[in-house]
Structures are given as structure tokens and as C-alpha cells.
Amino acid sequence: MTKITAAITGVHGWVPDYVLTNKELETMVDTNDEWITSRTGIKERRILKGENQGTSVIGTQAVKGLLEKTGNKAEDIDLLICATTTPDMLFPATANVISNNVGAKNAFSYDIQAACSGFIFALSTASQFIETGKYKKVIVVGADKMSSIIDYEDRQTCIIFGDGGGAVLLEPDTEGFGIRDSILHTDGSGEQFLHMKAGGSRKPASPETLIAKEHYVYQEGSQVFKFAVTNMAEVAADIMAKNNLTSEDVAWLVPHQANKRIIDATARRMGVSSDKVMLNIHKFGNTTSGTIPLCLWEYENQMKKGDNIVLAAFGGGFTWGSVYIKWAYDSK
């Protein structure tokens with residue numbers, strides 16, 4: 001029996017128009033362009049502004065663009081999964097809102113929350129529905145409006161995050177292309193270093209939590225960096241070893257865009273040269289679940305059918321992992 005794999009057959013991204021530069025951040029917190037750039041590699045990030053503008057706006061635009069460029073009808077989509085840390089609301093799922101917005105009336109949809117690893121967790125999950133033969137067309141969205149949970153008086157976090165995201169279409173393949181393997185990890189002991197203190201069932205919103213600014217991202221930067229730089233690099237190397245890939249075999253590394261130094265460390269551990277590393281952190285910052293699909297979107301025209309591609313991410317929780325993909329199409 002021919003093995004079915006889940007191939008990415010299209011990708012599209014979307015970012016808001018408003019550009020928040022390092023220069024503007026200098027007017028908001030005690031920081032400067034040189035400090036931000038040298039420590040993170042970020043020059044600017046996009047911000048979604050306006051009333052009632054949530055993560056679903058980003059996801060909806062990405063999916064609409066994806067459907068249009070791949071020539072698919074919304075009603076033909078079987079499943080839509082949205083990876084996000086900043087849902088429009090606790091319920092309904094942002095995936096439900098996106099499906100309704102684009103007219104995917106025959107799709108069932110749900111959210112996955114794994115912080116910055118959300119997209120690769122969702123991608124691995126979605127691939128199972130294709131591989132079992134249950135579904136033919138699955139969309140995976142990775143999108144976040146991080147500006148909604150950032151304290152712009154906290155220079156530890158406000159310099160890092162931005163808003164944006166992307167979506168991919170998965171379809172069955174029997175020629176060996178698509179998602180070939182994944183290695184995914186979690187470690188709940190990392191909660192103390194990166195979390196939101198209030199707003200969940202453990203500590204519901206109250207006047208006290210609002211005054212204490214407990215509805216924003218809390219991060220112990222040095223601890224998160226230490227875990228991320230080790231684990232993201234290791235899991236990327238692990239998936240190469242598991243699939244007998246050398247650095248020469250890898251056409252592209254698609255790393256989560258959290259910090260330029262973490263990205264560089266991952267590439268070094270894999271033995272991959274900088275010209276094989278997808279990079280847009282300087283333009284968009286860390287869009288959490290959105291970084292990897294945004295990279296795939298921006299570099300789509302440079303990828304070739306048969307390219308070996310390694311995705312790698314690390315997020316709060318802690319969550320981390322890697323996905324090995326054999327690219328399924330030439331986009332030019």
C-alpha cells in the first residue's frame with residue numbers, strides 16, 4: 001500500500017500596515033536601536049491597530065490569500081487548525097471565527113496553544129488527518145496579535161514581539177514529498193520563566209490583577225534564552241540525525257524568529273551556513289505562532305521541489321520541536 005504523506009501545497013502570510021520601529025520604542029522605554037539590534041536582531045515589528053481587531057483578522061487575511069493563490073474553494077476545506085497564543089476570546093476558538101469569515105462551512109476547526117512552537121505542533125497534528133486518509137484538504141494557521149498582551153513599559157518584552165501570521169494548505173502526497181518526520185517536546189517546569197500571571201481560571205481577572213499588570217507577558221529573559229538556545233539547536237540536530245541528513249542535504253533551516261543569537265546557534269549546531277537560514281526577524285520581530293509560516297511565505301519563491309527543509313521552534317511552557325519536510329512544489 002502506498003504511503004500517504006501530508007504535503008504543503010501552498011502558503012500565504014499577512015502582516016498589519018503599522019510599523020513600530022526601534023526609534024519609536026526609544027520614546028516609550030529606556031532603550032535604543034543599537035541595544036535592541038545587537039541583542040535580538042530586530043529593527044522593526046508590525047502592530048495591528050483598531051477597534052475589534054483580533055488575531056482572527058490576521059488569520060482570515062492569510063487564509064483568504066492562500067485560497068486565492070492555490071485556486072481552492074473555502075467549502076472544500078475539511079479542517080482548519082489555528083495555532084495562537086492570543087485568541088480573539090477564550091471561546092469560541094479563533095479557528096472557528098476564521099472558518100466563518102472565509103466561508104469554510106464544511107470544515108471543522110479548533111485552536112492549538114503551544115506558544116512559539118504552536119505552528120509546528122499544529123502542523124504535526126494536521127498531518128495525521130491527511131496520512132490516515134480521513135481528510136484531503138487541511139489548512140494550518142499560525143497567527144498572533146502579541147501587542148495585545150505586551151506591556152509597552154517593560155523593555156524586556158516590548159522590544160521583541162510583533163503581530164502577524166500565515167497559513168499553509170496540506171494535501172495528500174504519494175511520491176514522498178511533504179512532512180516526513182517531527183520531534184516534539186514539552187517541559188512544564190518552564191512555566192515559572194515565561195507566562196501570563198492572570199486571566200486564566202487559576203487567577204481570573206480582577207481590579208487587582210489589572211493594577212498589577214498581570215495580564216501581560218512575563219519573561220525571565222536570561223533563563224528563557226538559556227533553555228531556548230540549547231533545546232532548539234539540539235532538536236534540529238536530532239531530526240537531522242534521525243533522518244540521516246547531513247548539513248549539505250539541508251536546503252533550508254526555518255527557525256522560529258525569537259532572537260538572532262538563538263537562530264545563529266541553531267544553524268551552527270546543524271552545520272548549516274547562513275545563506276540557508278530563513279530570516280525576517282529584523283522586519284517582523286517575534287510573532288510567536290506566526291514566525292515560521294511568515295518565513296515560508298517570504299521565501300516561497302526560493303524553495304524548489306524536493307528541497308529538504310527543517311523547521312525548528314522553542315516556546316513558553318516550555319515547548320520545542322522540529323519538523324522535517326521535503327518540499328512538494330516549485331513556486332516560480
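Guide: Contact means heavy atoms within 4.5 Å. Axes are lines fitted to C-alpha atoms, for helices over the stretch in contact, and angles between N-to-C directions run from 0 to 180 degrees. Helices (H or I, at least four residues) and strands (E, at least two) are DSSP runs, numbered from the N terminus. In this structure, helix α5 (residues 118-131) lies across β8, β12 and β13, and runs at about 130 degrees to β8. Helix α8 (residues 260-270) lies across β11 and β12, at about 150 degrees to β11.

Visitor: On what kind of model do these values rest?

Guide: This is a predicted model, in which local features need pLDDT of at least 70, side-chain atom pairs count only at pLDDT 80 or more, and totals for chains, interfaces and linings use all residues. Residues are numbered from 1 along each chain as its sequence is written, and side-chain values use heavy atoms, with hydrogens and water left out.

Visitor: In which order do the strands of the open sheet of four strands stand?

Guide: Two strands pair if DSSP finds at least two bridges between them. Here the order is β8-β13-β12-β11, with mixed pairing. Because β8 (178-186) and β11 (250-255) each have a single partner strand, they stand at the edges, and one side of each is left without a neighbour in the sheet. Neighbouring strands of this sheet are turned by 15 degrees against each other on average, direction ignored.

Visitor: How many bridges join β12 to β13?

Guide: Eight bridges join β12 (residues 308-315) to β13 (residues 319-326), and the two run antiparallel. Alanine 313 stands opposite glycine 321 in β13.

Visitor: What is the order of the five strands in the other open sheet?

Guide: The order is β1-β7-β6-β4-β5, again with mixed pairing. Its edge strands, β1 (5-14) and β5 (108-112), each pair on one side only. The twist averages 20 degrees from one strand to the next. Strand β7 (residues 163-173) pairs with β1 in the antiparallel sense over nine bridges, and isoleucine 8 stands opposite leucine 170 in β7. Helix α3 (residues 55-70) packs on this sheet, touching β1, β4 (79-83), β6 (138-145) and β7, and its direction makes about 120 degrees with that of β1. Helix α4 (residues 94-102) also packs on the sheet, touching β4, β5 and β6, with about 140 degrees between its direction and that of β5.

Visitor: How many helices and strands does the protein chain contain?

Guide: The chain has ten helices and 13 strands.
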